[in-house]
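Me: I would like to learn how to read side-chain packing in a model that is new to me. Could you take me through it slowly?

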Amino acid sequence: MESSFKTQPLLLLLLLLFTFSSFTESNQFCDAGIGHGESACGVSSSSSKILIKGGTVVNAHGEEVADVYVKDGIIVAVKPNIKVGDDVTVLDATGKFVMPGGIDPHTHLSFEFMGTETVDDFFNGQAAALAGGTTMHIDFVIPISGSLTAGFEAYEKKAKKSCMDYGFHMAITKWDEVVSKEMEIMVKEKGINSFKFFLAYKGALMINDELLLEGFKKCKSLGALAMVHAENGDAVYEGQKRMIELGIFGPEGHALSRPSLLEGEATARAIRLAGFVNTPLYVVHVMSIDAMEEIATARRKGQRVIGEPVVSGLALDGSGVWDPDFVTAAKFVMSPPIRASGHDKALQAALSTGILQLVGTDHCSFNSTQKALGIDDFRNIPNGVNGIEERMHLVWDIMVESGQISVTDYVRITSTECARIFNIYPRKGAILPGSDADIIIFNPNSSFEITAKSHHSRSDTNVFEGRRGKGKVEVTIAGGRIVWENDELKVVPGSGKYVEMPPFTYLFNGIDKADAEYLSSLRAPVKRFKSTD
């Protein structure tokens, strides 16, 4: 080894230069992947006491000019002119908004999918989130060979390096008595209150209507929220075959094979089956007018349906997959697809009027090498885009700066409503005494620019490349620690906590009464005279 280095001094010099440049880049890790910034190397610069002075404190229920005092990770006081001692870190928020940190309800970190694994794990992906003002996310646990317990244990290990708080949803990919009993364990012992059913990905994650009904019934009995990925998987499979027969192998074939009407059909079916069981339903990544209108119709009738658009569907049109450069086109491949121009505006309007309730990301990031697995066949392109770092900035620019929603609505759709739906409010999603100190200081007069060179994801591409806008997260406080300030991350692996989410959220209020009314309306069984010979 020694003689090898002596004979290759140029190689050694290049290696040293590369190593040095890697450590000095803002989106690289100290200790070769262990952490960001000084505190990640064992030196914490954050005080356990923080006073945020003079900002406009914004909650979903209103706003006020006040100071916020934080001690040992908890908000202690929210009122004007708080006086403190010398051992307190003081942050001046004059002219800025002080808001609850974002909660992303839909992410896939360390996700093994389509023969590869997402590039962002439970440390790196969370660090990116913190840089963008998101202080908690809820990830999807995927069962191992159908086993919920094995899947949960695997994700526990993946999440040990977490640097911010997180929760779990659980996917259901098969059905038997073991799965039914495991669902009870997940709810009663593991802090999971939501289960996701895939109506797409035939031959992999997709389940049929019989399983969906069994799952809905079990969710209802446990007080857990049923979630669906709504696309008709059988029809998508047929659409994929059609594209191949037509000689369409590129990324555009992905969008063409799963048109919005298939999203609308599956959304309608899931809504009707949830109505048949009388259990609340959460539709993830609503990407089309078709799906949104089904949700609107159901909500008008009083059915408890939650619709979650994702930031890529709000910010982009579907033109990207037609780019002549494969790397550029492939980075936009996700399911359901990003739709044609017009769907984005309709989803924004639905969000502003309450038809859709909160914004996620479906952050599921693959690099260009991984996306190239499908260079000869779009069916092999790993599905997924980024968004965990960009969501808070883009939602502000798209929805608040345009005048479509208020500042309080912004807090509701990026944080509070998620906390309410998953039963962790007001611990999360609020700037109130007793709430966790997950806080952002937001400057509405500053600006942002999104590029793959400056983002904190490990991906070498970004679907929002070059996007500029107004409004910037200047400080992020997670668990009472300043983790993002002056465009620098200071995060520690293992400092994030798993947040247990109890069952029977507000969406279940009145379900028993509705069931009783249904039974009384049947006027059955009818007593009949038996015919006699």
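Me: Does Tyr166 count as buried or exposed, and at what relative accessibility?

Reply: Buried means under 20% relative accessible area, exposed over 50% and partly exposed in between, with a 1.4 Å probe and protein chains only. Tyr166 has 8% relative accessibility, so it counts as buried. Please keep in mind that this is a predicted model, in which local features need pLDDT of at least 70 and side-chain atom pairs count only at pLDDT 80 or more, while totals for chains, interfaces and linings use all residues. Residues are numbered from 1 along each chain as its sequence is written, and side-chain values use heavy atoms, with hydrogens and water left out.

Me: How many aromatic pairs does a search of the whole structure find?

Reply: Rings of Phe, Tyr and Trp (its six-membered ring) pair if their centres lie within 6.5 Å, and planes under 30 degrees apart count as stacked, over 60 as edge-to-face and the rest as tilted. The search finds 19 aromatic pairs. In one of them, the ring centres of Phe113 and Tyr201 are 5.2 Å apart and the planes stand at 80°, so this pair is edge-to-face. Phe113 and Tyr201 are 88 residues apart, and both are buried.

Me: Which residues do ring pairs link into a cluster?

Reply: The cluster holds Phe122, Phe152, Tyr155, Tyr166, Phe168 and Tyr498.

Me: Where does Lys158 lie?

Reply: A charge sits over a ring if NZ of Lys or CZ of Arg is within 6 Å of the ring centre and within 35 degrees of the ring normal. Lys158 lies over the face of Tyr155, 4.2 Å from the ring centre.

Methods: Helix = DSSP H or I, 4+ residues; strand = E, 2+ residues; numbered from the N terminus.
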